[in-house]
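My entries follow in the order in which I checked things.

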Amino acid sequence: MNISKVAKTTIRPSEALISQLPYEGMVVIDNAGKVVLLKKGERSRVVLNAEEVYDLSRRKPQSIMTHNHPSGGPLSPEDIYFAFKTKLREVRAVSPDNTVYLMEMPKKLNPNDYYKGIKESLRFAKILEKAKTKGLMKLEKDYTTFYRFMTMKLKHIIPGLKFRTLI
Ligand SMILES: [Zn+2]
């Protein structure tokens, strides 16, 4: 199924709903456009159990995951990690104002690319954690700068990776 068609019929309406939640909500759609996972999270995260992660990566690769960020803002290193870990085709985060930040995987990824994506996103999660502890991530623009740097680095090590913002 064509990506834009799936986006129009399933993803965008789901995002319009979850964008208004005070907690995080996750919707995963498989490559046929069917909803395969709905999950309610907490204020700033959604936790999947090992079985759900396994199911996505082994049985439903190439799915699209979307979720909301109640405080707004782009994808986190954890979101990107999740995308590589579960072999998603696309990961998206919607803000309360309906802005969508997304990362789209290249058409062909080899196991080493998944490995590189996992390793690099974990490294950025640690960098971010450290910066937060030092009080360096207080403003929205601080994270914007971090995000720009992280996406630039990821695009460099995994050619064909795309980051987009839909407003
Ligand atoms: Zn997120």
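**Entry 1: Lys 87**

I looked up Lys 87 and noted it as partly exposed, because 18 other C-beta atoms lie within 10 Å. The cut-offs I used: a residue is buried if 20 or more other C-beta atoms lie within 10 Å of its own, exposed if 12 or fewer, and partly exposed in between, with C-beta atoms placed from the backbone. The model is predicted, so I kept its limits in view: local features need pLDDT of at least 70, side-chain atom pairs count only at pLDDT 80 or more, and totals for chains, interfaces and linings use all residues. Residues are numbered from 1 along each chain as its sequence is written.

I then read the backbone of Lys 87: phi is near 55°, a positive value in a residue other than glycine. Most residues other than glycine have a negative phi. I placed Lys 87 in the loop between helix 3 and strand 4. For element names I took DSSP runs, numbered from the N terminus: helices are H or I with at least four residues, strands are E with at least two.

**Entry 2: Helix 3**

The buried ones are Pro 77, Asp 79, Ile 80, Tyr 81, Phe 82, Ala 83 and Phe 84. They pack against strand 4, strand 5, helix 4 (111-133) and helix 5 (140-157). I count a contact when the C-beta atoms of two residues, placed from the backbone, lie within 7 Å.

Axes are lines fitted to C-alpha atoms, for helices over the stretch in contact, and angles run from 0 to 180 degrees between N-to-C directions.

I checked helix 4 next. Helix 3 and helix 4 pack at an angle of about 165°, with their axes 8 Å apart. They are therefore roughly antiparallel to each other; the scheme is under 35 degrees for roughly parallel, over 145 for roughly antiparallel, 65 to 115 for roughly perpendicular, and oblique for the rest. I noted the crossing as left-handed, meaning that the near helix is turned anticlockwise from the far one by less than a right angle. Among the contact residues I listed Pro 77, Ile 80, Tyr 81 and Phe 84 of helix 3, and Tyr 114, Gly 117, Ile 118 and Ser 121 of helix 4.

**Entry 3: Strand 4 and its partners**

I moved on to strand 4, residues 90-94. I found 5 of its 5 residues buried. Glu 90, Arg 92 and Val 94 point one way, Val 91 and Ala 93 the other. In a regular strand the side chains alternate between the two faces of the sheet.

On one side I looked up strand 3 (residues 64-68), which runs parallel to strand 4 and is joined to it by 5 bridges. Two strands pair if DSSP finds at least two bridges between them. Ile 64 stands opposite Glu 90, and Met 65 has Val 91 as its bridge partner. Strand 3, helix 3 and strand 4 make a right-handed β-α-β unit: with the strands pointing away from the viewer, the path from the first strand over the helix to the second runs clockwise.

Strand 5 pairs with strand 4 in the antiparallel sense, again over 5 bridges. I noted two bridge partners in strand 5: Glu 104 for Glu 90, and Tyr 101 for Ala 93.

**Entry 4: Asn 98**

Which residue takes a positive phi in the hairpin of strand 4 and strand 5? I found Asn 98, with phi near 75°, in a hairpin that has 5 residues between the strands. Asn 98 is partly exposed, with 14 other C-beta atoms within 10 Å.

**Entry 5: The whole sheet**

Strand 5 and strand 6 run antiparallel and are joined by 5 bridges; Met 103 has Phe 163 as its partner in strand 6. I wrote down an open, mixed sheet of 6 strands in the order 2-1-3-4-5-6. Strand 2 (35-40) and strand 6 (162-166) stand at the edges with a single partner strand each, so one side of each has no neighbour in the sheet. Neighbouring strands are turned by 15° against each other on average, direction ignored.
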